[in-house]
There are 2 protein chains.
Amino acid sequence: MSRIKGSIELDFPNEEIAKIVYGSVLFEHKTVPYRRSRLDFSLNGSTIIMRFTAEDNSALRGTINSYLRWIKVALDVAEL
Amino acid sequence: MSRIKGSIELDFPNEEIAKIVYGSVLFEHKTVPYRRSRLDFSLNGSTIIMRFTAEDNSALRGTINSYLRWIKVALDVAEL
């Protein structure tokens with residue numbers, strides 16, 4: 001249908017929290033074997049940045065959902 | 001927890017298709033009475049642009065899901 005690209009930035013209160021969350025989600029990011037959408041996952045100070053491209057709306061929804069869920073789990077576990 | 005901002009851009013094959021999809025989703029966009037995340041929804045040529053800010057990860061996921069779903073429905077209905 002269409003080409004989709006975009007980015008989501010999450011600003012955390014400090015670098016320590018961002019680093020903890022980034023570390024746990026990075027593990028998931030690296031172990032996902034296959035993806036129908038491409039996503040770059042990076043850390044810049046206290047900001048986690050996700051940049052993605054996809055050909056497929058549903059695949060992108062799945063990808064964004066996974067990452068935002070992993071981030072929430074990381075925050076919950078660390079009780080941040 | 002954190003402040004989230006971002007954007008998603010959808011490039012369509014031509015302005016006509018983009019305009020049709022934009023029009024149908026704009027209707028939903030304007031009739032949603034209440035939102036826990038803020039989203040700007042705009043059209044630039046053959047590109048639909050969504051810019052959002054949120055305080056809440058789950059609310060943002062819900063919002064992104066809704067818009068990507070509406071876009072898919074609009075494409076399906078128009079058989080584009």
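Colleague: Which residue of chain A comes closest to the rotation axis?

Modeller: That's S7(A), with its C-alpha at 2.7 Å from the axis. Keep in mind that this is a predicted model.

Colleague: Fine. What rotation and shift superpose chain A on chain B?

Modeller: A rotation of 180 degrees with 0.0 Å of shift along the axis, at an RMSD of 0.0 Å. The two copies are thus related as by a two-fold rotation axis. Both copies use the same surface, too: 100% of the contact residues of chain A recur in chain B.

Colleague: How many residues does the contact take from each chain?

Modeller: 25 residues from chain A and 25 residues from chain B. Between them the chains bury about 2200 Å², with 55% of that on carbon and sulfur atoms.

Colleague: And how many salt bridges are there between chain A and chain B?

Modeller: The count is 2. R3(A) forms a salt bridge with D11(B), where the closest N and O atoms are 2.9 Å apart. On the side of chain A that touches chain B, β1 (3–11) and α2 (57–77) are the elements giving two or more residues.

Colleague: Which of those gives the most?

Modeller: α2(A), with 11 residues.

Colleague: Switching to the core: which residues have the most contacts inside the largest nonpolar one?

Modeller: I8(A) and I8(B), in a core of 45 residues.

Colleague: What does I8(B) touch, leaving aside its neighbours within four places in sequence?

Modeller: Residues of both chains, including F52(A), L60(A) and I64(A) from chain A, and I48(B), M50(B) and F52(B) from chain B.

Conventions. Residues are numbered from 1 along each chain as its sequence is written. Chains are lettered from A and ligands numbered from 1 in the order in which they are written. This is a predicted model: local features need pLDDT of at least 70, side-chain atom pairs count only at pLDDT 80 or more; totals for chains, interfaces and linings use all residues. Side-chain values use heavy atoms; hydrogens and water are left out. A nonpolar core is a set of buried Ala, Val, Leu, Ile, Met, Phe, Trp, Tyr and Cys residues joined through side-chain atoms within 4.5 Å. Buried means under 20% relative accessible area, exposed over 50%, partly exposed in between (1.4 Å probe, protein chains only). Contact means heavy atoms within 4.5 Å. Copies are superposed by least squares on the C-alpha atoms of residues with pLDDT of at least 70 in both. Buried area is the accessible area (1.4 Å probe) that two parts lose on being put together, summed over both. A salt bridge is a side-chain nitrogen of Lys or Arg within 4 Å of a carboxyl oxygen of Asp or Glu. Helices (H or I, at least four residues) and strands (E, at least two) are DSSP runs, numbered from the N terminus.
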